[in-house]
Amino acid sequence: MAMNADIITAAVLVIGDEILSGRTKDKNVGFIADYLTQLGIDLKEVRVVSDDEAAIVEAVNALRKRWTYVFTTGGIGPTHDDITADSVAAAFGVGIDHDARAMAILEAHYAKMPNAEFNDARKRMARIPFGADLIENKVSSAPGFRLENVHVMAGVPSVMQAMMDAIAPTLKGGRHMISLTIDSGLGEGIVAGPLADVQKAHPSVVIGSYPYIRGDIFGTNSVMRSRDQSKLDTAASAIEAMLADLKTQQQAQF
């Protein structure tokens with residue numbers, strides 16, 4: 001859980017053998033990361049686990065104790081290997097059964113589809129752990145659910161995105177992170193040492209180093225992130241001074 005009231009944290013748990021096998025390429029993590037950033041929530045961890053109850057239970061329990069929010073994707077469909085709902089119920093130690101609210105939603109949905117029977121397989125999507133709130137699904141009706149700080153969502157990107165829209169008003173956002181990028185024009189091997197010294201001198205600012213190649217130029221972008229504008233500006237000034245000194249040294253060698 002977050003130690004600072006201004007910092008709200010989250011984890012994403014991606015569930016599915018199809019992700020681990022490579023048959024399905026995940027398109028949800030990046031979307032969730034962008035979405036949470038806009039809300040001022042820091043995504044701190046992403047895990048991918050198979051359709052295995054023990055693995056899901058372990059991951060859910062570890063993540064929900066560590067971070068403010070947990071968002072799971074995948075495994076709440078109608079097939080035999082969609083075991084996320086049962087696994088989350090097991091993680092919380094609660095029962096699970098067909099939920100009257102979810103059944104009513106799905107009954108109404110399939111009543112509008114004369115060629116689609118509301119059969120036992122589809123009724124599986126109405127099995128919700130006891131005590132959970134439903135997450136609205138405006139795309140295909142089958143709801144997700146929230147149990148304490150764990151939000152269980154579909155793996156289909158369009159459905160997951162609709163569920164995130166439904167969840168958003170219930171989430172507490174934190175202070176937004178401010179970022180600033182400085183292009184050094186120098187290789188990472190040149191700036192690495194001095195940049196590490198700047199990071200040590202400014203521990204409240206997260207500084208990342210990202211090398212690039214543009215034509216015959218090997219350069220490095222220094223990306224700074226902080227919730228405090230003044231601290232960010234101070235670190236930026238230190239990096240600019242460091243880079244000016246390195247460029248002076250480079251010029252002196254030629």
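Modeller: Angles under 35 degrees count as roughly parallel, over 145 as roughly antiparallel, 65 to 115 as roughly perpendicular and the rest as oblique. The model is predicted: local features need pLDDT of at least 70, side-chain atom pairs count only at pLDDT 80 or more, and totals for chains, interfaces and linings use all residues. Residues are numbered from 1 along each chain as its sequence is written, and side-chain values use heavy atoms, with hydrogens and water left out.

Biologist: Why are helix 3 and helix 4 called oblique to each other?

Modeller: Helix 3 (residues 53–66) and helix 4 (residues 84–92) pack at about 55°. Angles run from 0 to 180 degrees between N-to-C directions, and axes are lines fitted to C-alpha atoms, for helices over the stretch in contact. The two helices are therefore oblique. Their axes are 8 Å apart.

Biologist: What makes helix 2 roughly parallel to helix 7?

Modeller: Helix 2 (residues 29–39) and helix 7 (residues 157–167) pack at an angle of about 20°, with axes 11 Å apart. That angle makes helix 2 roughly parallel to helix 7. Helices here are DSSP runs (H or I, at least four residues), strands are too (E, at least two), and both are numbered from the N terminus.

Biologist: Which residues of helix 2 and helix 7 meet?

Modeller: Contact means heavy atoms within 4.5 Å. Phe31, Ile32, Tyr35 and Leu36 in helix 2 meet Met160, Gln161, Met164 and Asp165 in helix 7.

Biologist: What is the angle between helix 8 and helix 9?

Modeller: About 145°, for helix 8 (residues 188–201) and helix 9 (residues 229–252). Their axes lie 10 Å apart. Among the residues that meet are Pro194 and Leu195 in helix 8, and Met242 and Leu243 in helix 9.

Biologist: How do you know that Arg47 forms a salt bridge with Glu45?

Modeller: A salt bridge is a side-chain nitrogen of Lys or Arg within 4 Å of a carboxyl oxygen of Asp or Glu. The closest N and O atoms of Arg47 and Glu45 are 2.9 Å apart. That pair therefore meets the rule.

Biologist: What makes Glu45 and Arg66 a salt bridge?

Modeller: Their closest N and O atoms are 3.2 Å apart. Glu45 lies in strand 2 (residues 41–49) and Arg66 in helix 3, so the pair ties together parts 21 residues apart in sequence.

Biologist: How many salt bridges does the structure hold?

Modeller: It holds nine.
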